[in-house]
Amino acid sequence: MTALRRLTRNLGILTGSGAFAAGCSLAALALNSRGLGLADFGVLAAIQAYVALIGAIAAFETWQPIVRLGIRWPNQLSRTLACGMTLDAAAALLAYVVAILGVLAFGAVAGVEAEHQTLTLIYCSSLLFGLAGTPKGYFRLRQRYDVLAGNNVALAVAMLVASAGLYVTEAEFLAYVVVFATVGSLYNVSLLVRMLVAGRAQGLKWRLPLITVRGRRHFRAVFAMAIGNSAIATVTYTRRNLALLIV
């Protein structure tokens with residue numbers, strides 16, 4: 001397959017999946033707003049925006065160094081991926097801790113009132129599964145945009161099905177929080193599992209990157225690239241989620 005054909009194919013996959021996912025999201029939005037009512041739907045939106053904001057601030061954009069170093073040092077791909085997964089896990093734990101402390105200390109300022117703190121803490125647990133950065137980089141490196149698009153479509157469909165089920169059963173607000181947090185977590189975990197399976201089939205071996213001098217040196221290279229990209233991405237995501245919280 002030529003480079004032009006591959007580019008056209010990947011562009012078509014991403015565009016088509018994005019349009020389909022957007023349609024599912026709009027349908028889910030309509031169901032959720034009708035099922036919850038304006039007041040509870042607004043609270044849910046504030047909770048989701050708060051968690052997304054903390055996740056964006058704490059996350060490293062590990063997919064970019066995975067691609068760059070994977071091309072530069074293909075024989076070190078196992079070590080690069082291990083470094084990326086380590087960063088993802090550290091960022092997920094940090095985001096979870098910061099989110100909980102933020103709710104307890106500044107919940108009212110963030111738009112989370114005292115009666116909704118427990119629900120917010122439940123939704124914060126989804127931050128522990130924010131492990132999709134490295135898998136996204138791996139599948140981009142392998143030109144497997146069909147995997148990424150398929151996972152996005154699956155997430156959109158799962159959210160739509162969950163929203164329909166919650167609407168039909170007239171579920172309580174707690175059920176919405178638990179179900180949406182679970183679906184979002186499964187998306188990240190499923191992408192990680194697919195990367196581990198694909199990597200094992202290609203003979204990649206996973207080792208802890210910090211136990212050797214060479215591994216620590218490689219980790220610092222991945223970290224340096226990731227922190228610079230993360231600063232730019234954080235500004236972009238923060239603008240969107242912070243605006244929702246202010247409203």
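Helices here are DSSP runs of H or I with at least four residues, numbered from the N terminus. The model is a predicted one. With that numbering, helix α5 is followed by Gln143, whose phi is positive, near 60°.

Helix α5 itself covers residues 133-141. How many of its nine residues are buried? A residue counts as buried when its relative accessible area is under 20%. Seven of the nine residues of α5 are buried, so the helix is largely enclosed by the rest of the structure. These buried residues are Gly133, Thr134, Pro135, Gly137, Tyr138, Phe139 and Leu141. The cover over them includes four other helices: α2 (63-72), α3 (77-106), α6 (145-168) and α7 (173-201).

One of these covering helices, α3, also contains Ser78. Is Ser78 buried or exposed? Its relative accessibility is 15%, so Ser78 counts as buried. Leaving aside residues up to four places away in sequence, Ser78 touches Leu204, Lys205 and Trp206.

Ser78 also belongs to the lining of the second largest pocket. This pocket has a volume of about 180 Å³. Its lining consists of Asn75, Gln76, Ser78, Arg79, Ala82, Lys205, Arg207, Leu208, Pro209, Ile211, Thr212 and Gly215. Which element gives the largest share of that lining? Helix α3 does, with three residues. By type, the lining has four nonpolar, five polar and three charged residues.

Notes. Residues are numbered from 1 along each chain as its sequence is written. This is a predicted model: local features need pLDDT of at least 70, side-chain atom pairs count only at pLDDT 80 or more; totals for chains, interfaces and linings use all residues. Side-chain values use heavy atoms; hydrogens and water are left out. Buried means under 20% relative accessible area, exposed over 50%, partly exposed in between (1.4 Å probe, protein chains only). Helices (H or I, at least four residues) and strands (E, at least two) are DSSP runs, numbered from the N terminus. Contact means heavy atoms within 4.5 Å. On a 1 Å grid over the protein atoms alone, a cavity is a set of points where a 1.4 Å probe fits but cannot get out, and a pocket is an open set with protein on both sides within 12 Å along at least five of seven lines; lining residues have an atom within 4 Å of a point. Grid points are joined across faces, edges and corners, and a volume is the space filled by probe spheres set on the points. Ala, Val, Leu, Ile, Met, Phe, Trp, Tyr, Cys and Pro count as nonpolar, Asp, Glu, Lys and Arg as charged, and the others, Gly among them, as polar.
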